[in-house]
Amino acid sequence: MTDIIQAILAINPDAQVSVNAEDINQITWHDGNPTNITNEQILAKQTELQAAYDALGYARARKQEYPNVDDFMEAYTEKEIGGNSSKWDEYVIKYNKVRSDNPKLW
């Protein structure tokens with residue numbers, strides 16, 4: 001879950017605030033909360049930020065599983081310069097498997 005301070009700063013990047021034990025009822029506004037941010041706004045922003053984070057889960061998973069850049073460069077070079085596409089074909093298969101195993105949800 002997105003923490004309370006992240007949500008507050010997403011609402012007002014200039015907010016000066018601290019939170020005790022991630023408890024919505026234990027927020028200390030060091031600047032007096034000049035924009036009058038409410039607990040409801042904070043909770044709504046937490047939900048919004050968490051949904052945005054969750055929506056990109058496929059991208060985080062793909063990044064970990066994609067073949068590395070060195071494999072790409074070697075395969076591409078051998079295909080383009082050396083005329084041997086066997087490593088390139090293997091790379092494409094791995095790349096497409098990562099994409100199919102971690103589809104976009106939207």
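Lys79 counts as partly exposed because its relative accessibility is 26%, where buried means under 20% relative accessible area, exposed means over 50% and partly exposed lies in between (1.4 Å probe, protein chains only). Lys79 forms a salt bridge with Glu80, and the closest N and O atoms are 2.9 Å apart; a salt bridge here is a side-chain nitrogen of Lys or Arg within 4 Å of a carboxyl oxygen of Asp or Glu. The model is predicted, so that local features need pLDDT of at least 70 and side-chain atom pairs count only at pLDDT 80 or more, while totals for chains, interfaces and linings use all residues. Residues are numbered from 1 along each chain as its sequence is written, and side-chain values use heavy atoms, with hydrogens and water left out.

**Salt bridges**

- A search of the whole structure finds five salt bridges, and the partner of Lys79 in one of them, Glu80, counts as partly exposed because its relative accessibility is 46%.
- Glu74, Glu78 and Lys87 are linked with one another in a network of salt bridges.

**Pairs within a helix**

- In helix α2 (residues 39-55), Lys45 and Glu48 lie three residues apart, about one turn of the helix; helices are DSSP runs (H or I, at least four residues), numbered from the N terminus.
- The side chains of Lys45 and Glu48 meet in a salt bridge with an N to O distance of 3.3 Å.
- Lys45 counts as buried because its relative accessibility is 18%, whereas Glu48, at 46%, counts as partly exposed.
- Asp101 and Lys97 are separated by about one helical turn because they are four residues apart in helix α5 (residues 86-101), and their side chains meet in a salt bridge at 2.5 Å, N to O.
- Asp101 counts as partly exposed at 42% relative accessibility, and Lys97 likewise counts as partly exposed, at 48%.

**Nonpolar surface**

- Val69, Phe72, Met73 and Tyr76 make a nonpolar surface patch of about 370 Å², with accessible areas taken from the Shrake-Rupley method with a 1.4 Å probe and, for residues, only the protein chains shown counting as cover.
- Patches are made of residues with over 30% relative accessible area and no salt bridge, like charges being joined within 9 Å and nonpolar side chains (Val, Leu, Ile, Met, Phe, Trp, Tyr) within 5 Å.
- Phe72, one of the patch residues, is found in helix α4 (residues 69-80) and counts as partly exposed because its relative accessibility is 31%.

Definitions and conventions: Helices (H or I, at least four residues) and strands (E, at least two) are DSSP runs, numbered from the N terminus.
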